[in-house]
Amino acid sequence: MSSISPRSDVNRSAILSRIGAQGPASRADLARALSISPALVTRLTRELIADGLLIELEHGPSSGGRPAQRLGLATRSGGAIGVKIAPDHLTLVEVSIDGRVVRAHTDPFEASAPVAVGRLADAVATFIAGAEHSALVGIGVGLPGNVLAQSEGIVDSTQLGWSQAPVGSALRAATNLPVLIDNNVNALALAESLFGAGRGHSDFLVVTIGTGIGAGIVASDAIIRGSSGNAGEIGHIPVAEDGPLCQCGAHGCLEAVIGEQALVATAVAEGVIPADSGIEALQGAADDGDTRALALFSTAGRLLGRVVAGLTNTLDPELIVVLGEGAKAWEHWSSSFEPALRAGVIPRKRGVSVVVERWQDDRWAQGAAALVLSTPFDAEGVSGEQGQLVRERLISSMAGEHA
Ligand SMILES: [Zn+2]
């Protein structure tokens, strides 16, 4: 490949990523979507076609004027792997370059075992052995924890019981592929911006409810990770002075009050559900109209609404996307969440949109794969050397040079 200027590289990558994520597009669509001049789009797409990365497709449907020729990715062989790590199971997916899931698998997993990282590497290598794509460009991993640098992949996670776990190097050694690792809520926010409700929005929040309470923050088209990768830990906003002990060591965190375990513990203590039951029992009781169960969800919804109102006033998002395991019971949260949110925001933000998505595990894993698929869009260089390797593999798979 010829050497090109960094700025052109960003625009070329943006064109590939746009078509990869959203399907074939005309040159005019690309110019509009990426805010680059039609002349530059024409020049860059000519180069991409010459390099074998893009192909000209049939003419698209006309909306009155002359039908525009559409461009598509030349690859049929390129794919990526996404892995979601939970304390007791792994979810693995294989996706095509356009983000479509072609294969999914779940494995039991014991994160607290001393050999957990080795077992993880074995499970990923086994999954890859059955890959449908002949050219995998990389592995994306999402997990509940802190990752200082995506490309190094050293993980601290209280939920998994991991301290400085060398996940990135273990997976690279086992698979010989580039590996990008991030907090699973950040990965989800990325998937939302590429494939979900966040598409087309520059500023939005992803709020997850379930075992943990978290947020992914997208501001001015970038995921906000903070100085040490810890941005968005809204589960640890202190909300109750002298409240219950949180797993982070503090008292009265949001998660220690409205996280799944806290809701179940309160419901058991109040005799709403039997001692050995879980969140499904509590949801079932609410579905059946049990007023004490409904009151628990209502209190949780109100508290979450107030916290999200504070975030909305701070970050000024256009949209709030709510998801996670807990969203299955959203109808019981929403009746108090909505009024608390609207009452807590400044007048200009009263109309902020709220969307609820009931994504399952494989969607979280698809988010992890999006870490890989979005690297051509990584103008900030967050993905570092691993992202560069992903780009090289992507380009060589498209050019057919890679076996
Ligand atoms: Zn906490």
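Glu 270 touches Arg 292 and Leu 296, leaving aside residues up to four places away in sequence; contact here means heavy atoms within 4.5 Å. The C-alpha atoms of Glu 270 and Arg 292 lie 8.5 Å apart, across 22 residues of chain. Glu 270 sits in the loop between α8 and α9. Its relative accessibility is 45%, so Glu 270 counts as partly exposed. Buried denotes under 20% relative accessible area, exposed over 50%, and partly exposed the range in between (1.4 Å probe, protein chains only).

The model is predicted: local features require pLDDT of at least 70, side-chain atom pairs count only at pLDDT 80 or more, and totals for chains, interfaces and linings use all residues. Numbering runs from 1 along each chain as its sequence is written, and side-chain values use heavy atoms, with hydrogens and water left out.

The protein has 13 helices and 16 strands. Helices (H or I, at least four residues) and strands (E, at least two) are DSSP runs, numbered from the N terminus. Of its 403 residues, 51% count as buried. Among contacts with a separation of 6 or more, 62% join residues 24 or more positions apart.

Helix α8 spans residues 260-269, and its buried residues are Glu 260, Ala 262, Leu 263, Val 264 and Ala 267. The cover over these residues includes α7 (254-258), α9 (279-287), α10 (291-315) and α11 (330-344). Gly 271 follows α8 and has a positive phi, near 75 degrees.

On the α6 side, the contact is made by Asn 184, Ala 187, Leu 188, Leu 190, Ala 191, Leu 194 and Phe 195. On the α12 side, Arg 363, Trp 364, Gln 366, Gly 367, Ala 368, Ala 370, Leu 371 and Leu 373 take part. By class, the contact of α6 with α12 has 11 nonpolar, three polar and one charged residues. Ala, Val, Leu, Ile, Met, Phe, Trp, Tyr, Cys and Pro count as nonpolar, Asp, Glu, Lys and Arg as charged, and the others, Gly among them, as polar.

The zinc ion has four protein donors: His 236 (ND1), Cys 246 (SG), Cys 248 (SG) and Cys 253 (SG), at 2.0 to 2.3 Å. Donors are N, O and S atoms within 2.8 Å of the metal (3.2 Å for Na, K and Ca). Along the chain, the donors follow the spacing H-x9-C-x1-C-x4-C. The four donor atoms subtend angles of 101 to 121 degrees, so the arrangement is tetrahedral (four donors, all angles between 85 and 135 degrees). Cys 246 is buried, with a relative accessible area of 6%. Cys 248 is partly exposed, at 42% relative accessibility.

Most residues other than glycine have a negative phi. Gln 164, in strand β10 (residues 162-166), has a phi near 55 degrees. Gln 164 is exposed, with a relative accessible area of 51%. Asp 242 has a positive phi of about 60 degrees. Asp 242 lies in the loop between β14 (222-223) and α7. Asp 242 is exposed, with a relative accessible area of 75%.

Notes: Tetrahedral: all angles 85-135°; square planar, octahedral: opposite > 155°, others 65-115°.
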